[in-house]
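Subject: Handover of a structure and findings

Dear colleague,

Please find below the structure that I am handing over to you, followed by an account of what was found in it.

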Amino acid sequence: MRMETFIRKALRLKAHRVVKVEEDEGAGELTVHLDRVGERRLRCGVCGRAARRVAGTRRPERRWRDLAMREHLVQLVYAPHRVWCQVCGLRVERVPWADTWQRVTHALARAVAALARELDWAGVAAHFRLNWKTVGAVVEGAVLWGLAHRRWEPLHVLGLDEVSRRKGQQYLTVVYDLARGRVIWVGRDRTTATMERFFTWLGPRRAQAIHTVCCDMWSIYIDAVHTHLPEATIVFDRFHLSQYLSRAVDDVRRQTWRRMHGREKAEFKRTRFLWLTNPANLQRAERTRLSALLRLNSPIVKAYLLKEDLRRFWAYRSTAWATAHLRQWLWRASHSRLEPFQKLARMLRRHLDGILAWTRIRVTNGALEGMNNKIKVISHRAFGYRTSWMYIANIYHCCAGLPLP
Ligand SMILES: [Zn+2]
């Protein structure tokens, strides 16, 4: 088969033909020149209808990148016609090998979008020898298409979480389908307005099926859930609670450290890790060191024991026992004379229902920890996101399981 015929078939050309293929051996490039076939009908670039008439003037030559052929970069060159559409008027024709305004062909766009789920944009750009802006534009196109074509599946267990960008200066709210482990919605900020936008998008019919919401003790999320999903049970996310607990231990550690001197201070040096890690995950030598430290009479030891004690709460299956354990813990924390724990106890008391709901409904956003990490990784690929929409688009692209064009 001649190269021209091969390309015509690969691009599925009907109203266009390959005029010639130029090979630049030095640069490793193939340039494919295209033109219109006789009087075949062309389509409107806006609505896609067959145009009634082709105008006399053409647009200047444009270039599109296509999939490489045996290490050769392939470029298509074509000067689009202008056509008279009965609906849209005078427009540029629609070319069958690429979306309007894209600089790459459908085939290349598909390959780029698929790889962009695995690699960062710079890596994808390097692989296909493209500009990263082109990669961004392809991902954006794929996401818009995917969002418009995704199949809706009933939603029962919702996860609400926030991710921060630029060191906490910018927040996004991420909504998960916890049953399927997917992102279903991403919105800017974490305000009441964000939640209003989410519930407007969701609509009352889809909201009806939701019976459980897992989230952080963030009052805006809680209020929004109470307003829009009055029947749903809120379960506070275990991993957020563990974070609060670790923070309290660390606050005590820092306060204690500041008051220490000399040898005592030396002994506590570089122990943060020991206090915060689950003892089951420590190495033998670390465990020995920790048990020596635990013999000291210090506020940090008290804090550590409180932390380990609350951890046992998660193992309870009986609501009655769990409630008894939690109440006793709250009493001890409030009487511990450790200010961070007193504060924590006050917060937990205000949200007791949502914490105890865990004993009945064992859901946690932690099932999505992998996904959460993925979102963090995406956010660290900072370059390429000129706008938060680009960041949002990439979260959808990598975590929402959208269909690809
Ligand atoms: Zn039209």
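What distance separates the centres of domain 1 and domain 2, taken over C-alpha atoms? The separation is 21 Å. Please note that the model is a predicted one.

The domain assignment of the chain divides it into domain 1 (1-97), domain 2 (103-146), domain 3 (157-237 + 363-399) and domain 4 (238-359).

Where domain 1 and domain 2 touch, the contact takes seven residues from domain 1 and nine residues from domain 2. On the side of domain 1, β5 (62-69) and β6 (72-78) each supply at least two residues. The largest share of that side, four residues, comes from β5. By class, the side of domain 1 that touches domain 2 holds five nonpolar residues, two charged residues and no polar ones.

**The mixed sheet**

The strands β5 and β6 also belong to an open sheet of four strands, whose order is β1-β2-β6-β5 and whose pairing is mixed. Its edge strands are β1 (16-24) and β5, each of which pairs on one side only. From one strand to the next, the twist averages 25°.

Two of the pairings in this sheet may be described in turn. Strands β1 and β2 run antiparallel and are joined by eight bridges; R17 has D35 in β2 as its bridge partner. The hairpin of β1 and β2 has four residues between the strands, and G28 takes a positive phi near 65° there. Strand β2 (residues 29-36) pairs with β6 in the parallel sense, over five bridges. In that pairing, the bridge partner of L30 is V74 in β6. Helix α1 (residues 3-10) packs on the sheet, where it touches β1 and β2, and its direction makes about 125° with that of β1.

**L30 in strand β2**

L30 has its place in strand β2. Is this residue buried or exposed? L30 is buried, because 20 other C-beta atoms lie within 10 Å, and 20 or more is the cut-off for a buried residue. Leaving aside neighbours within four places in sequence, L30 is in contact with V21, E23, M69, H72 and V74. V74 is therefore both a contact of L30 and, as noted above, the bridge partner of L30 under the strand pairing. The C-alpha atoms of L30 and A68 are separated by 8.8 Å, although the two residues are 38 residues apart along the chain.

**The antiparallel sheet**

A further open sheet of four strands has the order β3-β8-β7-β4, and its pairing is antiparallel. Here the edge strands are β3 (43-44) and β4 (53-58), each pairing on one side only. Strand β3 is joined by two bridges to strand β8 (residues 89-94), and these strands run antiparallel. Within this pairing, C44 has E93 in β8 as its bridge partner.

Strands of a sheet pair through backbone hydrogen bonds, either parallel or antiparallel.

Among the bridge partners in β12, V213 stands with L158 and C214 with G159. Strand β12 is in turn joined to strand β13 (residues 233-236) by four bridges, and these two strands run parallel. C214 has V235 as its bridge partner in β13.

**Helix α16**

Helix α16 (residues 388-399) has 12 residues. From its first C-alpha to its last it reaches 16 Å, close to the 16 Å expected at 1.5 Å a residue. Which residues of α16 are buried? They are Y391, A393, N394, I395, Y396, H397, C398 and C399. Just after α16, G401 takes a positive phi of about 60°.

With kind regards

Notes
Residues numbered from 1 in each chain as written. Predicted model: local features only at pLDDT ≥ 70, side-chain atom pairs only at ≥ 80, totals over all residues. Expected span 1.5 Å × (residues − 1). Buried ≥ 20, exposed ≤ 12 C-beta atoms within 10 Å, placed from the backbone. Domains from an automatic or database assignment. Contact = placed C-beta atoms within 7 Å. Nonpolar A, V, L, I, M, F, W, Y, C, P; charged D, E, K, R; others polar. Axes fitted to C-alpha atoms, helices over the stretch in contact; angles between N-to-C directions.
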